[in-house]
Amino acid sequence: PLPVGAALRRPTRPAIVRWGDHVVRVGGDAPVVVQSMTNTDTADAIATAVQVKELAQAGSELVRITVNTPEAAREVPAIREQLDRMNISVPLVGDFHYNGHKLLAQFPECAQALSKYRINPGNMGGGKKRDDNFAQMIEVACRYDKPVRIGVNWGSLDHELMARMMDENGKRAQPWTAQAVMRDALVVSAISNAQRAEELGLSPNAIVLSCKVSHVQDLITVYQDLSARCDYPLHLGLTEAGMGSKGIVASTAALSVLLQQGIGDTIRISLTPEPGGDRRREVQVAQEILQSMGLRAFTPMVVACPGCGRTSSTVFQELANSIQGYLRDQMPVWKNRYPGVESMNVAVMGCVVNGPGESRHADIGISLPGTGEVPSAPVYVDGERTVTLKGDHIAQEFQAIVEQYVQR
Ligand code: SF4
């Protein structure tokens, strides 16, 4: 089906991010790109390569790594080499703050092995020093033909710009709130640095912008403004979104509003991992946001009812979970073998009230028996009731039917 939001995508000029023959387009009419970031020490090349591989296999189309020290910069080519050896072609984005100009100049192999540089103009010193450092990084990007993301952040906003804008605000007949000036300063910082990068020779098709803040309403306002004032592709993300459901809900709330307005060409969901948590969670959440909105499809979706007093057992919840896990696990193989499988819908329902109806709407559905119903589970395929499952092996039998459907 035509993605609902597709017609609304705001036109941007695409930026090309590549590693070898592998090309990721950000912006233009390209699908919204999912990206993520490692949390390993980049100086530990093996651990970082392993995590990049996991994120890429989970569906991250770009992976950002911290490049903060000479030890980290020295290992970037080794990380790239490890990934190439494992046939992982995902482009690597280097995240630079404070010393990026020095690291890129000192380690040309690192500059080459990265596919894109993230530059934070608020973390490059002040005055002429800041201008020189920025120019040095852009010069390296031009030399190696790499795109950059000019990533402005609420927590590291250019102090001089902010002070100047607060000063100008004081002269207004009706001064804005400090919060409004800060939001404006973020947008001005991103756009003015992008224009400077172009003046320094960087192609306008090699620039992506982001203005990250940590509050939902601020993020929406900032990106609406940024989007109205330029046509660079935009990287969306709520920074420091938080842990667990808070981070997921806040990111989803902010990004959904913007994506629905056609704003956003690539997204990252910044979640604080639980101790021992899986970094791939942020990729999964990003994919689920895009798929729930009908903008992209990654994995067959399982529709499951929440259960209620009519639910006779937890079988259907277990079945819904196991089917979702099974579908997700199969995708690395299925997506190459069965094109379009990611758009499939599966329904797992707990009783006769909504079970048959929802199951008919899905490609495959099963309606388990609720309290007081005959203990049997009718299965629907392409809207038709095909078979009724009974007994202790309903989960395995239903899984087999799903697999046969996919193969067929
Ligand atoms: Fe309850 Fe049945 Fe609705 Fe599921 S389908 S929530 S079990 S009424």
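Select residues 24-286 to begin: over this span the chain is 50% helix and 14% strand, and its end C-alpha atoms are 17 Å apart. Helices here are DSSP runs of H or I with at least four residues, strands are runs of E with at least two, and both are numbered from the N terminus. UniProt, in an unreviewed entry, lists residues 24-286 as "domain: IspG TIM-barrel"; UniProt positions follow the numbering used here, feature names are shortened, and annotations may be inferred rather than shown by experiment.

Before going further, keep in mind that this is a predicted model, in which local features need pLDDT of at least 70 and side-chain atom pairs count only at pLDDT 80 or more, while totals for chains, interfaces and linings use all residues. Residues are numbered from 1 along each chain as its sequence is written, and side-chain values use heavy atoms, with hydrogens and water left out.

**The eight-stranded sheet**

Next, colour the strands in the order β8-β7-β6-β5-β4-β3-β10-β9, which is how eight strands form an open sheet with parallel pairing. Two strands are taken to pair if DSSP finds at least two bridges between them. At the edges are β8 (207-212) and β9 (235-236), each of which pairs on one side only. Helix α8 (residues 216-229) packs on the sheet and touches β8 and β9, and its direction makes about 150° with that of β8; such angles run from 0 to 180 degrees between N-to-C directions, with axes that are lines fitted to C-alpha atoms, for helices over the stretch in contact.

Now centre the view on Ser36, which lies in strand β3 (residues 33-37). Is Ser36 buried or exposed? Ser36 has a relative accessible area of 0% and is therefore buried, a term that means under 20% relative accessible area, with exposed meaning over 50% and partly exposed in between (1.4 Å probe, protein chains only).

Strands β3 and β4 pair in the parallel sense over three bridges, and Ser36 stands opposite Val63 in β4. Four of the five residues of strand β4 (residues 62-66) are buried, so β4 is largely enclosed by the rest of the structure.

If you show side chains here, you will find a polar contact of 2.7 Å between those of Ser36 and Ser60. A polar contact is a pair of N or O atoms within 3.5 Å; within protein, one must be able to donate a hydrogen and the other to accept it, and residues adjacent in sequence count only if both atoms are side-chain atoms. Not counting residues up to four places away in sequence, Ser36 touches Leu55, Ser60, Leu62, Val63, Arg64, Arg268, Glu282 and Val283, where contact means heavy atoms within 4.5 Å.

**The nonpolar cores**

Select Val67, Leu114, Tyr117, Leu209, Tyr223, Leu226 and Leu259 next, the residues with the most contacts inside the largest nonpolar core, which has 84 residues. A nonpolar core is a set of buried Ala, Val, Leu, Ile, Met, Phe, Trp, Tyr and Cys residues joined through side-chain atoms within 4.5 Å. Helix α7 (residues 178-199) gives the most to this core, with eight residues. Apart from this core lies another, of 27 residues, among them Ile323, Leu327, Ile364 and Leu368.

**Residues 302-403**

Turn now to residues 302-403, which the unreviewed UniProt entry annotates as "domain: IspG C-terminal". This span is 39% helix and 23% strand, and its end C-alpha atoms lie 14 Å apart.

An open sheet of five strands can be traced in the order β11-β12-β13-β14-β15, with mixed pairing; its edge strands, β11 (301-304) and β15 (384-389), each pair on one side only. Inside this sheet, β12 (residues 345-349) and β13 (residues 364-367) run parallel and are joined by four bridges, and the bridge partner of Val348 in β13 is Ile366.

Finish at Ile323, found in helix α11, which counts as buried because its relative accessibility is 0%. Leaving aside neighbours within four places in sequence, Ile323 is in contact with Val302, Val346, Phe398, Gln399 and Val402.
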